[in-house]
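Here are a few friendly notes to read alongside the model. Take them one at a time, and keep the structure open as you go.

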Amino acid sequence: MSVTPSLPRTAREVRLASVPSGLPAPENFAVVEAPLTAPGAGQVLVRNRHFLVFPGLRTLIGGEVDGVPLPALSSGDTLFGPAVGEVVAAGHGSPLRIGDTVTHLQGWRDHAVVDAAHCTPVGDTLPDPVAHLSQGSSAYGSFTRLAPVRTGDTVLVTGAAGAVGTLAGPVARLLGAGRVIGTTRSPEKAERLMAELGYDAVLLGGEGDLGDSRASFAAQLAEAAPDGIDVLLDTVGGEQLAAAVGAARHGARFALVGALDGQLSARRAGGSAPVEIDSFRIVVKGLSLRGYSGTDHPDVEEEWNGRFGAWLRSGEISFPHVRIPGIDRAPQALQELFEGRHFGAVVVEL
Ligand SMILES: NC(=O)c1ccc[n+]([C@@H]2O[C@H](COP(=O)([O-])OP(=O)(O)OC[C@H]3O[C@@H](n4cnc5c(N)ncnc54)[C@H](OP(=O)(O)O)[C@@H]3O)[C@@H](O)[C@H]2O)c1
C-alpha cells in the first residue's frame with residue numbers, strides 16, 4: 001500500500017441521530033468523529049472535496065423505500081450520496097493512483113474508504129470537478145431516451161429551480177425546443193430562471209396566495225402554452241402533473257423524474273405521491289408517460305458528461321449551484337433545501 005504518514009486517523013461524518021415523524025430537521029443529525037481504517041486491498045482513501053445535498057435522502061430516512069435503488073437509513077447510520085474527491089492513499093491492487101479525482105457515493109463525510117470498483121475517475125471531462133455533482137444527466141437522459149425533444153417543441157419543466165430543473169431548461173433549448181416553460185414556488189426564482197437560464201415563462205406552483213391553486217396553475221399553463229405542450233419533464237407531480245395532462249398536445253411525451261410534492265411532504269413518508277389525473281385525456285391524446293431512473297440508463301452518464309463538458313467550455317450552459325462551506329453546516333443545508341431556499345444544486349464544500 002502506498003500511504004503517507006500524514007493521513008488522518010479519523011473522519012468527520014454526518015449521521016442520522018433520530019428518525020423524525022415528518023421532515024428531518026438539523027436536530028435529527030449529528031456530526032461525529034469516527035475512526036478511519038487504512039484502505040485494504042482494492043480500496044482507496046478519498047479526501048472528499050464536495051458532496052451533494054439532495055432530496056432523495058428524505059425518502060431513505062422516511063423508510064418508504066419500496067422500489068428505490070438505495071438502502072433505507074436508520075438511526076445511527078452515516079448518510080451517503082454523490083461526492084467528488086481526491087485519492088490520498090491506495091491499497092494493494094487498486095487501479096487508482098494518489099492524486100486521482102474520483103466520484104463515488106460515500107458523501108456526507110470528509111474522508112471515505114471506498115472500493116476502487118465503486119469509484120469513477122473523472123479526468124478533465126468537465127472544467128470543474130464539482131460539476132460532476134450536477135443532476136443534469138437525468139434531464140438529458142429524459143430528453144434523449146424517454147421524451148425526445150424535437151425542433152420547435154414546447155417543453156414544460158416542473159421544479160425548474162432545483163438541481164434537475166436548472167439544467168433541464170437549458171438542455172431542452174440546446175436540443176431544439178422552441179419554447180421552454182418552468183415552474184417554481186418562488187417569484188424571485190421565477191425571475192432568475194428567465195433572466196439567467198433562458199426560460200421563456202415561469203409559472204408559480206404550490207399553495208400560497210393563489211386560492212384554488214389547481215385552477216390557478218392550470219390557468220397559468222393555458223396562458224403560457226396556448227397551443228399546449230409537447231414534452232414534460234416532471235420533478236414535482238401533484239397538481240402540476242395533473243395540469244400538464246390537461247395541457248398536453250396530441251402525442252405529447254412525459255418523462256417523470258421525481259415527485260417532490262410527495263417526497264417533501266411533511267404528511268407523507270417521502271416515498272409516495274398520489275395524484276388524480278384524467279386518464280381519459282391520456283387515451284384520447286395518445287400521451288406517453290414514462291418514469292426515469294438513472295440506474296435504468298447506465299449509458300447516459302458518459303454521454304451527458306461529454307456534451308455537458310463541451311457546452312460548459314463553449315459557454316452555452318452553466319452549472320447553477322450553491323456551495324455551503326463546512327461539514328458542520330450540512331444538516332442545515334438539507335433543511336434549507338427542503339425549504340426551497342436555494343437555486344440549483346446544493347453542494348457542501350469541504
Ligand atoms: N430519476 C432520477 O434518476 C432522478 C435523479 C435526480 C433527481 N431525481 C428526483 O427529482 C426530483 C428533483 O430533484 P432535484 O435534485 O432537482 O431537487 P432539488 O434541487 O432539491 O429541488 C429543490 C427545489 O424543489 C422545489 N420544491 C421543494 N418542495 C417542493 C414541493 N413540495 N413542491 C414543488 N416544488 C418543491 C423547491 O423549489 P421552489 O422554491 O422553486 O419551489 C426546491 O428549491 C426529486 O424528487 C429527486 O429525487 C430523480
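1. An oxygen atom of the ligand sits 2.3 Å from an N or O atom in the side chain of T184. This is a polar contact, meaning a pair of N or O atoms within 3.5 Å. A polar side-chain atom of Q263 is 2.5 Å from a ligand oxygen atom, and a backbone N or O atom of V164 is 2.8 Å from one. On its own the ligand has 930 Å² of accessible area (Shrake-Rupley method, 1.4 Å probe), and the protein covers 87% of that.

2. A word on the source: this is a predicted model, where local features need pLDDT of at least 70 and side-chain atom pairs count only at pLDDT 80 or more, while totals for chains, interfaces and linings use all residues. Residues are numbered from 1 along each chain as its sequence is written, and side-chain values use heavy atoms, leaving out hydrogens and water.

3. How many residues surround the ligand? There are 25, with A163, T184, R185, Q263 and Y292 the closest; a residue counts if one of its heavy atoms lies within 4 Å. Helix α7 (residues 260–263) gives the largest share of this shell, three residues. Helices here are DSSP runs (H or I) of at least four residues, and strands (E) of at least two.

4. Domain 1 (2–133 + 320–349) and domain 2 (136–296) each supply at least three residues of the shell. The domain bounds come from an automatic or database assignment.

5. Now look at the open sheet: six strands in the order β10-β9-β8-β11-β12-β13, paired in parallel. Pairing requires at least two DSSP bridges. The edge strands, β10 (201–204) and β13 (288–291), each pair on one side only. Within the sheet, four bridges join β8 (residues 154–157) to β9 (residues 179–184), and L156 has I181 as its bridge partner in β9.

Terms used:
A polar contact is a pair of N or O atoms within 3.5 Å; within protein, one must be able to donate a hydrogen and the other to accept it, and residues adjacent in sequence count only if both atoms are side-chain atoms.
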